[in-house]
Amino acid sequence: MCGIVGIVGHSEVAAQLYDGLTVLQHRGQDAAGIATADGGKLHVHKGNGLARDVFDERSMALLVGRVGIAHCRYPTAGSEGSDEAQPFYVNSPFGIALVHNGNLINTDALRREVFEQDRRNINTESDSEVLLNVFAHELDSQKSLTPDAVFRALEGVNRRAKGGYAVVCTVLGLGLVAFRDPNGIRPLVLGKRSSAGGDEYIVASESVALDILGFERLRDVAPGEGIIITARGELHARQCAEPKAHAPCIFEYVYFARPDSMIEEISVHKARMRMGVTLGEKIQRLRPEHDIDVVIPIPDTSRDAALEIANVLGVKYREGFIKNRYVGRTFIMPGQGERAKSVKRKLNAIPLEFRNRVVLLVDDSIVRGTTSRQIVQMARDAGARKVYLASAAPPVRYPNIYGIDMPSPEELVAHNRSEAEIEQLLGCDWLIYQDLADLEAAVAGPKFPDRTFDSSCFNGEYVTGVEPGYFERLEHLRSDEAKKQRRAS
């Protein structure tokens with residue numbers, strides 16, 4: 001999962017791109033980068049770390065131009081070195097820089113095609129660089145640089161690429177190009193702002209980036225749609241792929257997106273509140289005579305759900321953990337050892353809220369289970385009489401292959417285990433999961449009762465299909481042991 005943003009303005013855009021990255025930082029903490037186009041020149045600065053660490057006054061001063069793109073990286077494919085930081089750039093044709101959120105599932109085949117058929121070289125292990133070269137080749141074959149030519153090139157990209165992807169590019173001599181996978185798995189939103197010089201446009205992973213920069217949210221980029229915004233501020237849009245099942249990633253609502261974002265016309269905040277209502281109702285059905293004294297969220301993502309569970313159950317809601325704001329999200333930490341150490345650095349219990357109480361801890365989801373086990377023990381150490389654990393999402397039993405770095409199946413605590421077995425492993429007195437039907441209904445809400453989602457990490461149903469051997473290759477890439485070996489080498 002990564003954060004991407006692109007702006008076409010009537011004044012310098014580098015500072016705005018930086019501000020956009022800061023509110024998308026939750027989507028990736030591994031690396032950050034900005035590219036700006038100034039006439040026929042492209043300026044790029046990128047590196048490992050948070051946006052605040054990568055950019056300083058000197059580097060920002062070099063990023064001149066009124067068209068630009070930015071990226072914050074969370075590694076799903078490729079290695080973890082600085083050469084994987086985005087934007088990526090090719091000088092032919094025209095000069096193209098690209099940022100990408102998502103994951104291609106036919107990267108190996110595309111890499112061979114790019115080298116053997118397109119005669120292009122790939123320098124990194126990143127599928128984003130592969131996608132850039134596919135787009136560059138398709139655009140080069142058009143022999144012109146017009147909106148029509150770019151849309152035809154995007155049709156070629158969508159025919160060849162398979163997976164989840166939201167992409168923003170700068171093309172020198174044209175402006176900004178954005179496009180989204182035909183299933184709409186990864187999010188991308190379009191916004192507009194009026195200025196003295198005319199209309200200015202933005203595309204970003206989440207609407208919160210539009211809010212902070214004063215852009216009006218127009219709409220989501222449609223699945224398979226291409227968007228072109230010329231350097232003069234002209235907007236062009238066209239469908240560039242055959243219609244397919246619309247399946248936005250449900251894990252955006254569960255965990256990744258900020259609660260103040262709107263994705264596919266759905267408030268993330270309200271979706272999480274509805275998750276709490278449905279889970280609270282399930283608890284009531286299963287244990288109408290429950291002995292829960294207090295509901296405590298595991299900060300931050302579960303707060304909305306936890307508050308609604310407390311309301312449904314008619315028990316107290318309390319903040320029982322204090323979070324260290326200077327530690328990153330443990331889910332996206334590289335390696336299980338770092339994740340485990342980060343839990344104790346990140347959270348500290350307030351004993352007064354646990355002592356002699358039956359506590360219901362609420363988390364957004366349970367992936368590997370190591371963090372949950374530590375937090376359950378923290379609650380016991382703080383004096384809880386019983387510790388129950390509720391997950392606002394169903395059991396994560398399968399890898400996410402569209403841009404979220406869920407590990408190999410064997411590292412998922414719910415893989416091939418019953419809920420009773422998971423409960424024992426986590427050390428809690430009772431474990432309760434959200435049902436998938438309830439989760440999907442909660443996210444869709446009353447306005448979109450027929451909305452469907454990519455829920456593959458819960459049900460193993462992959463909307464794009466999966467070729468034989470893919471999961472074996474994925475395990476080689478994503479397991480903690482494989483990542484450890486790559487870092488060592």
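Predicted model: local features only at pLDDT ≥ 70, side-chain atom pairs only at ≥ 80, totals over all residues.

Reader: Why is Arg119 called exposed?

Author: Arg119 has a relative accessible area of 68%. Exposed means over 50%, buried under 20%, and partly exposed in between (1.4 Å probe, protein chains only). So Arg119 is exposed. Arg119 sits in the loop between helix 4 (107–116) and helix 5 (127–140). Helices (H or I, at least four residues) and strands (E, at least two) are DSSP runs, numbered from the N terminus.

Reader: How do you know that Asn356 is exposed?

Author: The relative accessible area of Asn356 is 58%, so Asn356 is exposed. Asn356 lies in the loop between strand 19 (347–349) and strand 20 (358–363).

Reader: What is the phi of Asn356?

Author: Phi is positive, about 60°, although Asn356 is not a glycine. Arg119 also has a positive phi, near 60°.

Reader: What makes a nonpolar core?

Author: A nonpolar core is a set of buried Ala, Val, Leu, Ile, Met, Phe, Trp, Tyr and Cys residues joined through side-chain atoms within 4.5 Å. The largest one here has 37 residues, and Phe251, Tyr253 and Met275 are among those with the most contacts inside it. Helix 8 (251–256) and helix 9 (268–286) are among the elements that give two or more residues to this core. Helix 8 gives the largest share, 5 residues. A second, separate core of 30 residues includes Ile96 and Tyr165.

Reader: Why are helix 9 and helix 10 called oblique to each other?

Author: Their axes cross at roughly 40°. Axes are lines fitted to C-alpha atoms, for helices over the stretch in contact, and angles run from 0 to 180 degrees between N-to-C directions. Angles under 35 degrees count as roughly parallel, over 145 as roughly antiparallel, 65 to 115 as roughly perpendicular and the rest as oblique. Helix 9 and helix 10 are therefore oblique.

Reader: Which residues of helix 10 meet helix 9?

Author: Among them are Asp304, Ala305 and Leu313. Contact means heavy atoms within 4.5 Å.

How values were computed:
Residues numbered from 1 in each chain as written. Heavy atoms only, no water.
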